[in-house]
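Hi,

Here is the structure I promised to pass on to you. Have a look at it first, and my notes follow below.

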Amino acid sequence: MGQLAAAFPFAGVLLSFAILPGVAPRLWHRWMAAVIGGWVALGFMLRMLSGGLMNAAQTLWQVSLAEFLPFITLLLALYALGGGISIKGGPWGRPCGNLLLLVIGTVLASIMGTIGATLLLIHPLLAANGYRAEKRHLILAFIILVGNCGGALSPLGDPPLLAGFLRGVPFFWPAVHLWQPLLVLAVPVLLLCLGADLYFARRDAMPRPQKFRIGGGMNIFLLVVLVLAIPLAGIWHPGMVTILSAKIPGEHLALIVVELGCIALSEALTPRAIRSHNRFAWGAMREIVMLFFAIFATITPVFQLLQTAALAPNPLSWFWASGIASAILDAAPTYLIFFEAAGGHAASLSAAPAHLLTAIAAGSVFFGPVTYLGNAPNLMVREIAARRAVKMPGFFAFAGLMSLILTPVYVLMSFLFF
């Protein structure tokens with residue numbers, strides 16, 4: 001009973017993010033920091049009661065430095081660099097052009113992260129199709145491919161895979177084990193979107209395509225630097241560094257410095273016109289930063305609880321369980337929870353044939369688009385589309401539509417891979 005009580009703040013964090021934005025949006029946006037801070041404080045108090053003040057403070061500081069900080073600085077760096085690259089013109093706006101943009105976005109999501117790729121490409125997609133009477137099918141396909149599943153091939157792509165990388169899963173493991181499931185999902189979604197786009201395009205007179213232009217060369221260069229630096233951290237291990245009694249791997253600390261440097265250079269050197277064109281604002285990341293800090297601060301008791309649980313090592317069950325949990329809660333904490341439940345040993349879980357880790361990773365990543373809560377870009381795209389007068393489906397309508405589209409794909413994945 002004590003372990004269940006200790007896990008209560010974590011459940012409170014996830015339920016707050018799941019329910020309050022839809023039920024009481026004004027209250028949530030005004031008091032979000034207080035609500036989340038309250039759950040973190042409750043978790044701290046429960047740990048203090050069971051282990052003492054010093055133990056609670058040490059645990060929170062260790063988690064903040066060694067787990068949360070490396071995780072969030074990479075997301076912020078990808079967000080800053082993606083928001084500093086502008087794309088104007090191009091063949092988008094016509095069915096084949098829209099298909100090409102979705103394919104490009106699917107590839108870029110694993111290189112610059114789903115958040116970075118979303119921020120880079122959603123504005124060109126919406127602007128090029130602004131004349132269209134119906135374009136929600138494009139946004140739904142964009143959420144599935146660019147905002148979620150396209151990031152399946154690297155730790156840069158999706159937060160759950162980044163969490164796995166920071167816990168010891170090899171950098172190229174996702175590319176080796178998830179490219180086939182990604183292909184099985186991406187091809188039918190692209191074909192379905194193309195068919196719908198060809199149907200709806202008959203109603204509208206298509207404008208002439210504009211000359212393609214890309215800006216933000218410095219951010220492209222910094223993105224290349226970041227993409228090269230992260231795999232190096234997987235093979236360079238200088239040892240542990242102690243900061244105020246908390247320990248962090250030296251390679252993670254070096255990456256944080258590189259990422260903060262990329263953010264600073266991007267902020268200093270990116271022309272304001274590019275940021276304005278992309279409607280870039282750091283405020284959009286506020287909720288994401290708070291969510292992940294609260295998750296990392298309160299999730300430790302859940303890990304401890306799962307270590308005592310007996311779960312059958314059936315990949316098919318883990319695929320669906322992690323997938324449904326990811327859709328309802330959030331992909332990153334779902335991955336961490338199931339990763340720990342499977343033993344939490346990266347070397348053994350990632351060793352061939354790695355069926356269990358593949359099931360956990362696939363479920364966490366590919367079920368992300370089922371609801372608006374599955375991954376951060378889902379909410380981001382909905383807000384951006386709403387600002388451009390696109391009437392997006394409500395929470396339950398969105399979930400029902402996505403389930404209708406994706407459930408047959410998940411069933412096919414189950415037969416082919418699990």
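In which loop does Pro353 lie? Pro353 sits in the loop between helix H16 (346-350) and helix H17 (355-366); helices (H or I, at least four residues) and strands (E, at least two) are DSSP runs, numbered from the N terminus. A cis peptide bond, with omega about 5°, links Ala352 to Pro353.

Before the rest, two words on the source. This is a predicted model, where local features need pLDDT of at least 70 and side-chain atom pairs count only at pLDDT 80 or more, while totals for chains, interfaces and linings use all residues. Residues are numbered from 1 along each chain as its sequence is written, and side-chain values use heavy atoms, with hydrogens and water left out.

Ala354 is in the loop between H16 and H17 as well. Its phi is positive, near 55°, in a residue other than glycine. Ala354 is buried, at a relative accessible area of 6% (buried is under 20%, exposed over 50%, partly exposed in between, with a 1.4 Å probe and protein chains only). Leu244 also has a positive phi, about 50°, without being a glycine. Leu244 belongs to the loop between strand S3 (240-243) and strand S4 (246-249), and is exposed, with a relative accessible area of 70%.

Now to the strands. Of the 5 residues of strand S1 (residues 86-90), 4 are buried, so S1 is largely enclosed by the rest of the structure. S1 pairs with strand S2 (residues 210-215) in the antiparallel sense over 4 bridges (pairing takes at least two DSSP bridges between two strands). Lys88 has Arg213 in S2 as its bridge partner.

A cavity here is a set of points on a 1 Å grid over the protein atoms alone where a 1.4 Å probe fits but cannot get out, and lining residues have an atom within 4 Å of a point. Volume is the space filled by probe spheres set on the points, which are joined across faces, edges and corners.

The largest cavity holds about 70 Å³. Helix H4 (53-82), helix H7 (159-166) and helix H10 (250-269) each give its lining at least two residues, and H10 supplies the largest share, 4 residues. Among the lining residues are His252 and Glu259.

The second largest cavity has a volume of about 30 Å³. Its lining includes Trp173 and Tyr335, and the largest share, 3 residues, comes from H7.

Conventions:
1 Å grid on protein atoms, 1.4 Å probe; cavity = no way out; pocket = protein on both sides within 12 Å on 5 of 7 lines; lining within 4 Å.
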